[in-house]
Structure formats: C-alpha cells, structure tokens
Amino acid sequence: MNRENYILGSGNHQRLAPGGGSGTRHPPLPTGTTKRTTPQSARRPPSMSTRKTPSTAATIANEGIGNLTHEQRAEIRDVFDSIDVNGRGFVFMSQLPDIIQTLGHSADSNMMEVWKEQIDPKNTGKITYETLENFVALLYDEAEQQQQMMNAFQLFKPDATSLEDARITLDDLQRVSAHLGESIPVDELREMINIADISGTGSVDFNDFMRIMRKTGLF
C-alpha cells in the first residue's frame with residue numbers, strides 16, 4: 001500500500017483529510033476566479049481519477065460540457081457571439097485574453113500562453129465555440145476544487161486570517177483527531193506532517209496540503 005495514501009488518504013485515518021461542511025468559513029476564491037454553484041446531486045466526489053486538467057484541444061472538446069449551468073452557457077455564448085459578429089463559428093486565439101477577462105477570470109502572460117497551447121495545440125489561431133465552452137467549464141471546475149481544498153485546510157486552521165501564512169502543525173492534527181474521536185499515536189501524526197512537509201519546516205502550508213490531497217486522490 002502506498003505510504004502516503006495510508007497516512008493521509010485512506011485506511012483508518014481518512015477522516016483527517018475532511019472536505020469541508022456546514023459551519024466552515026468560506027475564504028474568497030483565488031484572485032481572478034468566479035465561484036459557481038453546482039447542485040449537490042451533480043457534484044462528483046473529489047478524486048484523482050475524475051480530476052480534469054486541460055491538456056489538448058481534443059481533451060477540452062470532449063470534457064466539461066456537462067458541468068456548466070444554463071446561465072453560464074448563455075453567458076459564454078453571448079461573449080462569443082459579440083466577437084464572432086459575422087457568424088463564422090470561431091474567434092481568433094489573439095482574442096482569448098479579452099474573452100477570459102469578460103467571463104470573470106484573469107491570468108498572467110505565462111498562464112495565458114499555457115492555455116493557448118492547451119486549446120490550440122495545432123496552432124490554427126482559431127477557437128470554436130464548443131472548445132471555448134468546454135475550456136471555461138474546466139476553469140470553473142478547477143476553481144471549485146481549489147475552493148474545496150481551501151475549506152478543508154481551514155478545518156485545521158479555523159482562526160487563520162491568511163492562507164499564505166497559515167501552517168498545519170502537530171497540535172492542529174492532535175486537536176482535529178481528538179474532535180473526530182480518533183486515537184492516533186503522536187508518532188503517526190508527526191509522520192503525517194513529515195510526509196506532507198516538502199519544505200522541511202515541521203508544518204504543512206496550503207501548497208503542501210494541496211499537493212498531498214491531489215496525490216492521494218482526495219481532490
């Protein structure tokens with residue numbers, strides 16, 4: 001059994017990686033993202049196998065379309081049609097930054113170049129409506145997973161005012177395990193910290209937390 005999965009993602013101690021719930025304070029979304037609301041029945045349990053990361057135009061063309069609400073699709077269509085005034089069925093890749101910004105997202109020039117390569121790997125310079133819609137759906141999906149991990153992190157650090165400065169410590173794990181009714185030896189809790197802590201500080205920051213949650217398949 002994978003050592004990290006046992007310690008942080010499965011076995012008797014899986015509940016030490018909660019995914020948020022009622023009563024949890026919700027921190028703001030990362031700058032440049034817009035939160036979307038998905039009906040509970042439509043939510044997928046976070047796991048490595050269902051996580052969508054845009055990689056190629058073929059992937060984007062076949063994923064994500066079912067994740068958008070009617071209002072979100074209508075908004076994307078309105079933005080697309082406002083640019084494709086001649087009804088050609090595509091817009092130019094150079095117009096992507098304006099489209100993304102209009103839809104409530106933002107990215108620096110490096111991320112924009114990554115997105116362009118993912119959407120248009122053959123360098124056609126064009127984006128169809130279907131490709132754009134599915135790509136935006138994946139952006140929403142990524143923002144929602146980010147929000148879920150922020151909520152889960154704050155269960156360990158409920159009084160944190162900034163995720164950038166907050167770090168999960170051994171005391172935090174002891175408090176949460178006691179609250180959940182788990183009797184976990186201190187040595188095992190310390191090992192959890194050591195495995196997740198790639199910076200060697202003896203604690204776990206939000207980036208460490210995201211990495212281990214994704215690696216164990218919890219998000």
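Biologist: At what angle do α6 and helix α9 pack, and how far apart are their axes?

Modeller: Two packed helices are described by the angle between their axes and the distance between the axes. Here α6 and helix α9 (residues 206-215) pack at about 115°, and their axes are 10 Å apart. This is a predicted model: local features need pLDDT of at least 70, side-chain atom pairs count only at pLDDT 80 or more, and totals for chains, interfaces and linings use all residues. Residues are numbered from 1 along each chain as its sequence is written, and side-chain values use heavy atoms, without hydrogens and water.

Biologist: What do we call the arrangement of α6 and α9?

Modeller: α6 and α9 are therefore roughly perpendicular (65 to 115 degrees; under 35 is roughly parallel, over 145 roughly antiparallel, the rest oblique). The crossing of α6 past α9 is right-handed (the near helix is turned clockwise from the far one by less than a right angle; anticlockwise is left-handed).

Biologist: Which residues of α6 and α9 meet?

Modeller: Contact means heavy atoms within 4.5 Å. From α6, the list includes Met149, Phe153 and Phe156; from α9, it includes Phe206, Phe209 and Met213. By class, the contact of α6 with α9 has 9 nonpolar, 1 polar and 2 charged residues.

Biologist: How do α7 and α8 pack?

Modeller: Helix α7 (residues 170-179) and helix α8 (residues 186-196) pack at about 125°, with axes 9 Å apart. So α7 and α8 are oblique to each other. α7 also passes α8 in a right-handed crossing. Among the residues that meet are Leu170 and Leu173 in α7, and Leu189 and Ile193 in α8.

Biologist: How many aromatic pairs are there?

Modeller: The whole structure has 6 (ring centres within 6.5 Å; planes under 30 degrees apart are stacked, over 60 edge-to-face, the rest tilted). One of them, Trp115 with Phe135, is edge-to-face, at 5.6 Å centre to centre and 75° between the planes. Trp115 sits in helix α5 (residues 109-119) and Phe135 in helix α6 (residues 129-156), 20 residues apart.

Biologist: Where does pLDDT stay under 50?

Modeller: pLDDT is the predictor's confidence in each residue, from 0 to 100. It stays under 50 over residues 18-59, and also over residues 1-15. Where pLDDT is low, the predicted coordinates should not be read in detail. The chain averages 75.

Terms used
Axes are lines fitted to C-alpha atoms, for helices over the stretch in contact, and angles run from 0 to 180 degrees between N-to-C directions. Helices (H or I, at least four residues) and strands (E, at least two) are DSSP runs, numbered from the N terminus. Ala, Val, Leu, Ile, Met, Phe, Trp, Tyr, Cys and Pro count as nonpolar, Asp, Glu, Lys and Arg as charged, and the others, Gly among them, as polar.
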